[in-house]
Amino acid sequence: MAKEIEVLIIEDDRRISDIHRRFIEKIEGFQMIGAAFTGEEAKDWIISYKPDLILLDVYLPDTKGTELLKVIQEYSPETDIIFITAASESNIVKKAFRSGVADYILKPLTFERFKESLLAYKAKRDILEEEGQVQESIIKSLWGNSTTNGTLEKEAIPPKGIDPITKEKVVNHIKQIKDGITAEGLGMDIGVSRSTARRYLEYLVSERIVYTELIYGSVGRPERRYFINQS
């Protein structure tokens, strides 16, 4: 069994921290190891436990979360970071981006957005832990964009709500199913909500990667099933 990803929550609001804890408990492959409510507590956790992933708020009572980026880089450089904050100031967003933060989630957040972020992060982490060469398409999806002759590739700019790693996971899953799949079935198979699954499926239809058919059963309404486009 694969080792669970150890998560440290750094959040000054205990109520929100507890919500994040309960969210984590619902997502397979993650384990919360602790919560820090101040910058000083956070430093102790970072130095002592070196977590795999930190969910980091910006506004702490004794410092800003951005100041902890230097601490993480010095004492636990293998730790990854996802910002969960109400801060949207450009200087903070820039600092997070330039520090290699994995994702930036604005409060208030939903469980679906939280789960989508963590699963996308896990997918990328799994890829990076594999040995050998990495395919170009995977490298593109890790960084989310690329340029060719100075022109931004259309495929590198997915619409809002479409994560390249999750997209590839969906495509690979559909390829294995000969009889097609419904949005509900896909959601259950890969661990996302039906609405999220349908969003990815409809996006793939628009990209002509998959096609859809209405399948009429013996009872009830027809099912909308999605099939990989072999052409």
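This note comments on the strand arrangement and the salt bridges of a predicted model.

1. Basis. In this predicted model, local features need pLDDT of at least 70 and side-chain atom pairs count only at pLDDT 80 or more, while totals for chains, interfaces and linings use all residues. Residues are numbered from 1 along each chain as its sequence is written, and side-chain values use heavy atoms, with hydrogens and water left out.

2. Sheet. Strands β3 (residues 53-56) and β4 (residues 80-85) are joined in the parallel sense by four bridges, and I54 has I81 as its bridge partner in β4.

3. Salt bridges. The count is 17, taking a side-chain nitrogen of Lys or Arg within 4 Å of a carboxyl oxygen of Asp or Glu. One network of salt bridges links K3, D52, D80 and R125.

4. A contact between helices. E116 and R199 form a salt bridge at 2.9 Å, N to O. E116 belongs to helix α5 (residues 111-128) and R199 to helix α9 (residues 194-206), so the pair ties together parts 83 residues apart in sequence; helices are DSSP H or I runs of at least four residues. E116 is buried at 16% relative accessible area, whereas R199 is partly exposed at 29% (buried: under 20%; exposed: over 50%; partly exposed: in between; 1.4 Å probe, protein chains only).

Notes:
Pairing = 2+ DSSP bridges. Helix = DSSP H or I, 4+ residues; strand = E, 2+ residues; numbered from the N terminus.
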